[in-house]
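This report describes selected local features of one protein model. It considers backbone geometry in several loops, then a pair of packed helices and a residue beside them.

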Amino acid sequence: MSDWLLPYAAGIGSAFLIYLANKIIKDGVLSVGLRTLQVLPGGKALINKEQTKIQEKLRELLKISPDSPLATAPDYSSLPSKPLAQKELIALLESLRFSTQEAFDGGKAFGGIYSDLEEHHQILSKAYEVFSSTNALFPEIFPALRKFENEVVRMTINIVEGNNQVVGVMTTGGTESIILAIKAYRDRARDLKRINFPEIIVPNSAHPAFVKACHYLGVKAIFADCDKSFAVNVKDVRSKITRNTILIVGSAPSYPHGVIDPITELASLATERDIPLHVDACLGAFILPWLEKLGFIRKRWNFSVPGVTSMSADVHKYGLGPKGASVLMFIDRSYRDYQFFSTGYWSGGLYCSPSITGSRAGGIIAASWAGLLSMGQTGFEKSARDIQDAFQSIINGLQRISSITVLGPPDACCIAFVSDKVDILKVADVMDDKGWKNINRLQRPSCAQIQVGNKRKFDIEKWLSDLADSIDYVRDNPDKFKGKMAAIYGMAGQIPVDSDILQPILGTYLDVTYT
């Protein structure tokens, strides 16, 4: 974004603004520069203009291609006057699904789907179909759902080495698990320690669901820095503890860099200061245990570490379950009780709920249960070995590319990498043009990332070859990316995270998505 500051400053002839723009470009002190510009004549209008440019680029990127069947699909913004025939409706669903999944089905897209094991997905679909018209809000009417949920929870607890005192519930995903965990700790701290201005300490690599939870629940998020290996710095965590600290967070592993935080050290610190510790194992819970067994992982990260008081684990990630399935676990019932909600004030009767949602889809719970049983321990061990083989092959291939550096080193699941020769975000754009939809753009620091799943159709050697070609292309054509994601991330990455400038830009993405 600094590229547009200098001509603007020169245009209005202000020596101070020219100095300021140069200072921003030279030193990267954009947080100071933007705040100064906001109070200078014409500065706010300039910032608004740049926001608009980014918003327009986002709208362009989210446009449906005229070649896509979606562009000619019937518009059902209004309910049709008569029911659609079953055959017609199913044919429409299938045509739209496959038209938008070419990259995914060819192994070129990740899309948050962790395997392409067709037989396994058929089991999930059948289980969901059998229980699609059930609701876990009514366990007395659908007792099988109670069995399924309790067994999914207990299987998960055993997988992460919890004892018989550990308890849990299923939620709709990692975000809900994290929100409920922070809700429980907030209420517990208010009740037992009279803390009315609660704070949690989270690594700056932790999932934004923690920030989202704090935003919803009136809790302050205090960010701890990571060290050079991208694991959270325990000394920095210690320095940020106050009397209002209600929780410390660690990841196993982190999504950006695939690094397991030093859970044992965090647990010792948490125990010393009488503060709970939550381990976010939404990514790792269903793969790290088998990587440990196979000798790939030696770090301790779960309930076997004294001081860990809760964990989140997503069945719908490496548990290979249906989307909308996670497990939140607490060390004992005294913590979980603060998660629950109940009220006697409703004229409709007594009401209680274990999670944020009221009605809960029985099909998801049944499919989660069936999915775990269909994999079994040997199935998960084979999946973990296959994933780790792909994981290591990608790392080895990246290390053979002279201009690439792998960040971390990563422990599992995700691999982040940078280049000292070209803008890696532009490389991601070229890969996108080549049909690869599995490279994520990261920031602070700017880097690219790939998440590794159990994808038999993913051609690693072709991906690495195309990546090397993309690096060469960007090196030879550095100025061809002004309307791509690299430009958007490049500009947004320079905006201070605590400014009010970034929010309208991100809001545009959501607004266009729902337009």
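Cys413 is placed in the loop between β10 and β11. In this predicted model, its phi is near 75°, a positive value in a residue other than glycine. Cys413 counts as buried because its relative accessibility is 1%, under the 20% limit that defines the term.

The loop between β10 (404-406) and β11 (414-419) also holds Pro409. Gly408 and Pro409 are joined by a cis peptide bond, with omega at about 10°. A cis peptide bond also joins Arg444 and Pro445, where omega is about 5°. Pro445 belongs to the loop between β12 (440-442) and β13 (447-451).

Leu320 is another residue other than glycine with a positive phi, near 55°. Leu320 is located in the loop between β6 (310-314) and β7 (326-330). With a relative accessibility of 4%, Leu320 counts as buried.

**Helix packing**

Two packed helices are described by the angle between their axes and the distance between the axes. For helix α9 (residues 143-159) and helix α16 (residues 362-399), the axes come within 9 Å and cross at roughly 50°. The two helices α9 and α16 are therefore oblique to each other, and their crossing is left-handed. On the α9 side, the contact is made by Leu145, Lys147, Phe148, Glu149, Glu151, Val152 and Met155. The α16 side contributes Gly362, Ile365, Ala366, Ser368, Trp369, Leu372 and Leu373. By residue class, the contact of α9 with α16 comprises nine nonpolar, two polar and three charged residues.

**Surroundings of Asn135**

Asn135 lies in the loop that runs between α8 (118-130) and α9. Its relative accessibility is 16%, so Asn135 counts as buried. The Asn135 side chain reaches the backbone nitrogen of Leu137 at 2.9 Å, and it makes a polar contact with the side chain of Ser359 at 3.0 Å. When residues up to four places away in sequence are not counted, Asn135 touches Phe142, Leu145, Ser359, Arg360 and Gly362. Among these, Leu145 and Gly362 also take part in the contact between α9 and α16.

Terms used: Residues are numbered from 1 along each chain as its sequence is written. This is a predicted model: local features need pLDDT of at least 70, side-chain atom pairs count only at pLDDT 80 or more; totals for chains, interfaces and linings use all residues. Side-chain values use heavy atoms; hydrogens and water are left out. Axes are lines fitted to C-alpha atoms, for helices over the stretch in contact, and angles run from 0 to 180 degrees between N-to-C directions. Helices (H or I, at least four residues) and strands (E, at least two) are DSSP runs, numbered from the N terminus. Angles under 35 degrees count as roughly parallel, over 145 as roughly antiparallel, 65 to 115 as roughly perpendicular and the rest as oblique. A crossing is left-handed if the near helix is turned anticlockwise from the far one by less than a right angle, and right-handed if clockwise. Contact means heavy atoms within 4.5 Å. Ala, Val, Leu, Ile, Met, Phe, Trp, Tyr, Cys and Pro count as nonpolar, Asp, Glu, Lys and Arg as charged, and the others, Gly among them, as polar. Buried means under 20% relative accessible area, exposed over 50%, partly exposed in between (1.4 Å probe, protein chains only). A polar contact is a pair of N or O atoms within 3.5 Å; within protein, one must be able to donate a hydrogen and the other to accept it, and residues adjacent in sequence count only if both atoms are side-chain atoms.
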